[in-house]
Amino acid sequence: MNGLEPLTGEPLALDLLNTLPYAAQGPPADHLADAAGLVAWLALEGERLPEAEGVREASPDDLAAVRAVRAHAAVAVAAARRGERPPASALRGLNEAQLAAPAVRYAQWDGDAVVVTPRRSGPPGVRVASALAEEVAGLLADPALARVRECEAEDCTMLFLPAHPRRRWCSATRCGNRARVARYYQRHKDAP
């Protein structure tokens, strides 16, 4: 990992927010800057986002739908993390995204029993945006939101949900190693 890849493996809502990491210097590195970036990110998420299964290309409208959910999510999650009420416009945007492709519990016989799977209809970007908006809504309602942290590395703004209370970095291999190397360098630089 060279630090240029999107951080994945956190709750999907946080993974979405982490597609726009801010750097200490310069503009953010938007992993959803174009349709190819969206397709690449969806491929990284794999089975965690069934609505993206088989998506090999994305239209500008698909990209716009997902980026709109990300924008609403950023505002709502930031407010909720501060213990404030998320803006009504952000919540409305998340709700509208979900309503654009609501999940239907689709029942079918698999040969032994009835199996129910959620399915959404519509263009790929609308389905993905709807599923992501649902994930964000779930995170906003989850008490675990209070435990979401921002990476402690100086030049990283990635969000993560720590499994261990002492976790300080978004990724041990991304920011943790850099911080340890910097501390080592500083100790040995100052040593007589």
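Q: At what angle do H4 and H5 pack, and how far apart are their axes?
A: In this predicted model, H4 and H5 pack at an angle of about 135 degrees, and their axes lie 7 Å apart.

Q: Why are H4 and H5 called oblique to each other?
A: Roughly antiparallel would require an angle over 145 degrees, and roughly perpendicular covers 65 to 115; the angle here is about 135 degrees, and H4 and H5 are therefore oblique to each other. As for handedness, H4 passes H5 in a left-handed crossing.

Q: Which residues make the contact of H4 with H5, and how do they divide by class?
A: H4 contributes Leu91, Leu94, Ala97, Gln98 and Ala100, while H5 contributes Val126, Ala129, Ser130, Ala133, Glu134, Val136, Ala137 and Leu140. By class, this contact has ten nonpolar, two polar and one charged residues.

Q: What makes H3 and H5 roughly parallel to each other?
A: The axes of H3 and H5 cross at roughly 10 degrees and come within 8 Å; since angles under 35 degrees count as roughly parallel, H3 and H5 are therefore described as roughly parallel to each other. On the H3 side the contact includes Asp62, Ala65 and Val66, and on the H5 side it includes Pro124, Gly125 and Val128. The residues of this contact divide into 16 nonpolar, one polar and one charged.

Q: Why are H3 and H4 called oblique to each other?
A: Helix H3 (residues 60–81) and helix H4 (residues 88–100) pack at an angle of about 140 degrees, with their axes 8 Å apart. An angle counts as roughly antiparallel when over 145 degrees, and at about 140 degrees H3 and H4 are therefore oblique to each other. H3 passes H4 in a left-handed crossing. The contact is made by Val69, His72, Ala73, Val75 and Ala76 of H3 together with Ser89, Ala90, Gly93, Leu94 and Ala97 of H4, and by class it has seven nonpolar, three polar and no charged residues.

Q: How many cavities of 30 Å³ or more does a search of the whole structure find, and what lines the largest?
A: The search finds one cavity of 30 Å³ or more, and the largest cavity has a volume of about 30 Å³. Its lining consists of Leu38, Leu42, Val55, Glu57, Ala58, Asp62, Pro124, Gly125 and Val128. Helix H2 (35–45) and helix H5 (124–141) are the elements that give two or more residues to this lining, and H5 gives the most, with three residues.

Key:
Residues numbered from 1 in each chain as written. Predicted model: local features only at pLDDT ≥ 70, side-chain atom pairs only at ≥ 80, totals over all residues. Heavy atoms only, no water. 1 Å grid on protein atoms, 1.4 Å probe; cavity = no way out; pocket = protein on both sides within 12 Å on 5 of 7 lines; lining within 4 Å. Points joined across faces, edges and corners; volume = space filled by probe spheres on them. Helix = DSSP H or I, 4+ residues; strand = E, 2+ residues; numbered from the N terminus. Axes fitted to C-alpha atoms, helices over the stretch in contact; angles between N-to-C directions. Left-handed = near helix turned anticlockwise from the far one by under 90°. Contact = heavy atoms within 4.5 Å. Nonpolar A, V, L, I, M, F, W, Y, C, P; charged D, E, K, R; others polar.
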